[in-house]
Amino acid sequence: MINNRIKRAKFQLSQHRTQGVNSRLSVHDVAKLMDTVRKGEELDQSKGQSIFFSLN
């Protein structure tokens, strides 16, 4: 599910890049999409590491 969100964000960013000035995305929308891509790539890199741990 995360991969789909990343792919969709990358696609929207590429469409924004090709449309240029005619794009309907605002600066805030683009920033959110870029954050989604960055955070998703960080999750893929740390896939082997778990954020959950057990305390006894």
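What percentage of the 56 residues of the chain count as buried? The share is 14%, where buried means under 20% relative accessible area, exposed over 50%, and partly exposed in between (1.4 Å probe, protein chains only).

The model is predicted, so local features need pLDDT of at least 70 and side-chain atom pairs count only at pLDDT 80 or more, while totals for chains, interfaces and linings use all residues. Residues are numbered from 1 along each chain as its sequence is written, and side-chain values use heavy atoms, with hydrogens and water left out.

**Fold and surface**

The chain has two helices and zero strands. Both element types are DSSP runs numbered from the N terminus: helices are H or I with at least four residues, strands are E with at least two.

**Nonpolar core**

A nonpolar core is a set of buried Ala, Val, Leu, Ile, Met, Phe, Trp, Tyr and Cys residues joined through side-chain atoms within 4.5 Å. The largest one here has five residues, namely A9, L13, V30, L33 and V37. Helices α1 (2-19) and α2 each supply at least two residues of this core, and α2 gives the most, with three residues. In soluble globular proteins, nonpolar side chains tend to be buried together. Leaving aside residues up to four places away in sequence, L13 touches V30, L33, M34 and V37; contact means heavy atoms within 4.5 Å.

**Polar pairs**

A salt bridge is a side-chain nitrogen of Lys or Arg within 4 Å of a carboxyl oxygen of Asp or Glu. The count by this rule is one. It joins the side chains of E41 and K10, at 3.6 Å from N to O. The pair links distant parts of the chain, since E41 is in helix α2 and K10 in helix α1, 31 residues apart.

S23 sits in the loop between α1 and α2. Its side chain makes a polar contact with the side chain of H16 at 2.6 Å. A polar contact is a pair of N or O atoms within 3.5 Å; within protein, one must be able to donate a hydrogen and the other to accept it, and residues adjacent in sequence count only if both atoms are side-chain atoms.

**Accessibility of selected residues**

| Residue | Relative accessibility | Class |
|---|---|---|
| S23 | 14% | buried |
| E41 | 36% | partly exposed |
| D35 | 37% | partly exposed |
| K10 | 41% | partly exposed |
| K32 | 57% | exposed |

**Spacing across the chain**

D35 lies in helix α2 (residues 27-45). From C-alpha to C-alpha, D35 and I6 are 9.9 Å apart in space and 29 residues apart in sequence. K32 is also placed in helix α2. K32 and A9 are 23 residues apart in sequence, with 8.9 Å between their C-alpha atoms.
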